[in-house]
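Please look at the charged side chains of this chain and at how they pair. The questions and answers below take up these pairs in turn.

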Amino acid sequence: MRLSSWFGGLVAAALAATVLPVSVARAADDSSPPLEIPAAELAEALHCGTPLEDLREAGDRPTVLFVPGTGLKGEENYAWNYMAELKKKGYESCWVDSPGRGLRDMQESVEYVVYATRAIQEATGRKVDLVGHSQGGLLTAWALRFWPDLPGKVDDMVTLGSPFQGTRLASPCRPIAEVAGCPASVLQFARDSNWSKALGADGTPMPAGPSYTTIYSYADESVVADGQAPSLPGTHRVGVQDICPGRPWPTHIAMVVDQVSYDLVADAVEHPGPADTSRIDRAHCAEPVMPLNSEEAVNALPGLLNSPVELLIHSQPWVKEEPPLRAYAQ
């Protein structure tokens with residue numbers, strides 16, 4: 001993906017609020033929660049390798065919408081790995097950026113995913129594949145759980161290392177928050193958070209329609225460090241070690257460069273239904289890193305280097321307690 005294509009996608013996304021104002025910003029009925037963030041702001045966060053208005057003619061395969069993990073923008077998380085490889089297979093990609101690099105209330109961030117999914121589906125006339133790493137997987141699942149119009153617009157939801165039950169690494173933020181505050185999403189990541197309980201919905205399966213694949217690794221230090229693999233009701237759960245027993249890789253961040261993790265994502269995207277471990281080449285267990293695109297890595301590097309500064313500036317305001325659940329999730 002060249003810079004000119006990326007810029008074209010940015011411009012098209014910025015115009016999307018004008019081109020697709022009503023059906024994208026709202027559901028066709030009143031059962032889905034209204035989006036509280038202005039449509040123009042939501043559109044600015046959606047970027048596509050091919051301009052949005054050209055995606056309908058870009059092929060007959062689903063467009064893949066990538067949702068990044070905490071601290072990253074979509075291009076930094078996926079352009080130099082997953083997007084580049086799926087492009088070789090004929091798949092167009094879009095990505096969405098979360099406000100404050102994912103450190104704000106996830107109930108705000110999820111609106112960007114809802115808007116982006118609707119915009120892509122309306123532009124292409126085809127269902128969308130959703131892929132999310134870490135927090136990105138939480139946002140895709142939350143969007144499908146609480147926006148009833150969305151499951152009919154999605155073919156696959158695939159998550160990588162998403163802490164559906166929360167992560168114990170976020171728990172120390174609770175006492176700190178009482179004194180100095182913490183990023184809102186970190187409090188929502190904590191074990192037994194109201195967010196996690198609402199997402200699990202007391203064991204209610206995810207809505208029918210999409211195929212659901214949740215991928216995890218027992219080497220993930222932030223999600224399964226206490227021995228509990230993340231689970232989401234009604235999804236097909238696959239561990240990297242189910243394919244490669246005893247493999248001490250990938251860690252949490254490394255799931256976006258791990259060969260086997262990518263194989264599972266690609267398998268889910270390319271075939272009907274969730275990922276199937278029988279189709280994964282076991283020889284890839286000896287290949288820890290997938291092919292990477294050096295040009296896109298160079299393009300993403302400035303953003304990665306600047307991310308600590310942006311995190312400090314744009315994650316504000318910090319909060320002293322977990323944001324209350326909105327009415328639709330209670």
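**Salt bridges in the predicted model**

Q: Which residue forms a salt bridge with Arg101?
A: A salt bridge here is a side-chain nitrogen of Lys or Arg within 4 Å of a carboxyl oxygen of Asp or Glu. In this predicted model, the closest N and O atoms of the pair are 2.8 Å apart, and the partner of Arg101 is Glu76.

Residues are numbered from 1 along each chain as its sequence is written. As the model is predicted, local features need pLDDT of at least 70 and side-chain atom pairs count only at pLDDT 80 or more, while side-chain values use heavy atoms, with hydrogens and water left out.

Q: Are Asp149 and Lys153 buried or exposed?
A: Asp149 and Lys153 form a salt bridge, with their closest N and O atoms 3.5 Å apart. Taking buried as under 20% relative accessible area, exposed as over 50% and partly exposed as in between (1.4 Å probe, protein chains only), both Asp149 and Lys153 are buried.

Q: What is the relative accessible area of Asp267?
A: Asp267 meets Arg279 in a salt bridge of 2.7 Å, N to O. Arg279 is partly exposed, with a relative accessible area of 37%. Asp267, by contrast, is buried, and its relative accessible area is 5%.

Q: Which residues do salt bridges that share partners join into one network?
A: Salt bridges that share partners build one network, and the residues joined in it are Glu36, Glu111 and Arg326.
The rule for a salt bridge, applied to this model, gives a count of 11 salt bridges.
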